[in-house]
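Here's a quick briefing for anyone meeting this structure for the first time.

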Amino acid sequence: MVTSELGGAADFATVAASGEAGDSAAAAACTAAGAAINTAVDLCGIRLDNPVIPASGTFGYGYEFAELFDINELGTFSFKGTTAEPRFGNPTPRIAECPAGMLNSVGLQNPGAQAVKDIELPRLKQVFFKPVMANVSGFSVDDYVYTVSLLEDEAQIGWFEINISCPNVHGGGMSFGTSAAAAAEVIAAVRKVTKKPVLAKLSPNVTDVAEIARACEAAGADGISLINTLLGMRIDLKRRRPVLANTTGGLSGPAVLPVALRMVYQVSQAVRVPVVGMGGISSARDVLEMMMCGATAVEVGAANLVDPFASLKIVRALPDALAELGVNDINDIIGAALQR
Ligand SMILES: Cc1cc2nc3c(=O)[nH]c(=O)nc-3n(C[C@H](O)[C@H](O)[C@H](O)COP(=O)(O)O)c2cc1C
């Protein structure tokens, strides 16, 4: 399980369990009105049956969750940030709990690009029959190019999500995503070695996120996804030291939803390419807020660690949430809150 690999999941169950996401009875029942409602969206030319995508780092390589439910009910999912070489990740403790959220400093633990190709993707093919989003991280431009080139021929990969925003590794990661020039350099290099849609995954730890988004679009990104986690820390009072062995970590979960909504709103107005919104989503209502800010699709992260069925419950709750608003096609709400 992903949660055990992380050394314990955060407990903000009271938040995730409230509203649609936690109500399994309501989630399981799709009303007659709900059944007629369209939840399909188009993400860079690929159809998603619904816009709900478990976020990278919170859903492993997918097949782990297939033991619990039919993961084909999801729009798709973004697999664990994959690097050119295998990575053990950061020392523990690398999870800290917070009110309405969690800090993580996992540090991109993953088996490396070759093992993803040889082991993880063949396993996934047995249980998942839709295009998957490949999340790619790196420490140099060449790293990103190597991993994308290696995975380019994998028919099941629909999109590359280029993570230029990991706050938990030294050298690379977020340093690419906090400079417009460096972000554009990575995206332009990757663009040359793949025919698949490229999404640039942006960091919230910047002053002007719209500037970085525009630079990625100009460099050839087919879409923008945001937000990655917000840099934070906690102190262990008895030890008088940071809780996390890495000192700092990335904050995510319901606490960050308002920040994520603000940034998706800004980026949606700054670029023409589709935006995938994430940060703090734990209910169908949160999904609708994010889409009204301009997101074509959404990712759900920390909520999966509190409840492995969280994304599924959100998928099932969406039609009723739309029906409550009198909306019968989810596409009608994309960008509804934007200033025109
Ligand atoms: C434990 C954990 C591991 C993560 N690993 C990755 C990763 O490998 N690649 C990546 O792009 N984002 C990673 N993220 C960030 C999430 O994909 C997402 O952007 C962020 O958590 C905000 O969404 P949330 O508030 O719903 O969790 C990770 C997040 C968590 C909580």
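The buried residues of helix 11 are covered by, among others, helix 10 (209-218), helix 12 (284-292), strand 9 (223-226), strand 14 (275-278) and strand 15 (295-300). Keep in mind that this is a predicted model.

**Helix 11 itself**

- Helix 11 runs over residues 257-270, so to speak a stretch of 14 residues.
- From its first C-alpha to its last, helix 11 reaches 20 Å, close to the 20 Å expected at 1.5 Å a residue.
- Its buried residues are Leu257, Ala260, Leu261, Met263, Val264, Tyr265, Val267 and Ser268.

**The protein as a whole**

- You'll find 14 helices and 15 strands in the protein.
- Of the 340 residues, 55% are buried.
- Take the contacts between residues at least 6 apart in sequence: 75% of them join residues at least 24 apart.

**Threonine 194**

- Threonine 194 sits in the loop between helix 9 (180-191) and strand 8 (198-201).
- Threonine 194 counts as partly exposed because it has 19 C-beta neighbours inside 10 Å, while being buried takes 20 or more.
- Setting aside neighbours within four places in sequence, threonine 194 is in contact with Val148, Glu152 and Phe160.
- Valine 148 is 46 residues away from threonine 194 along the chain, yet their C-alpha atoms are separated by 7.1 Å.

Technical notes. Residues numbered from 1 in each chain as written. Predicted model: local features only at pLDDT ≥ 70, side-chain atom pairs only at ≥ 80, totals over all residues. Helix = DSSP H or I, 4+ residues; strand = E, 2+ residues; numbered from the N terminus. Expected span 1.5 Å × (residues − 1). Buried ≥ 20, exposed ≤ 12 C-beta atoms within 10 Å, placed from the backbone. Contact = placed C-beta atoms within 7 Å.
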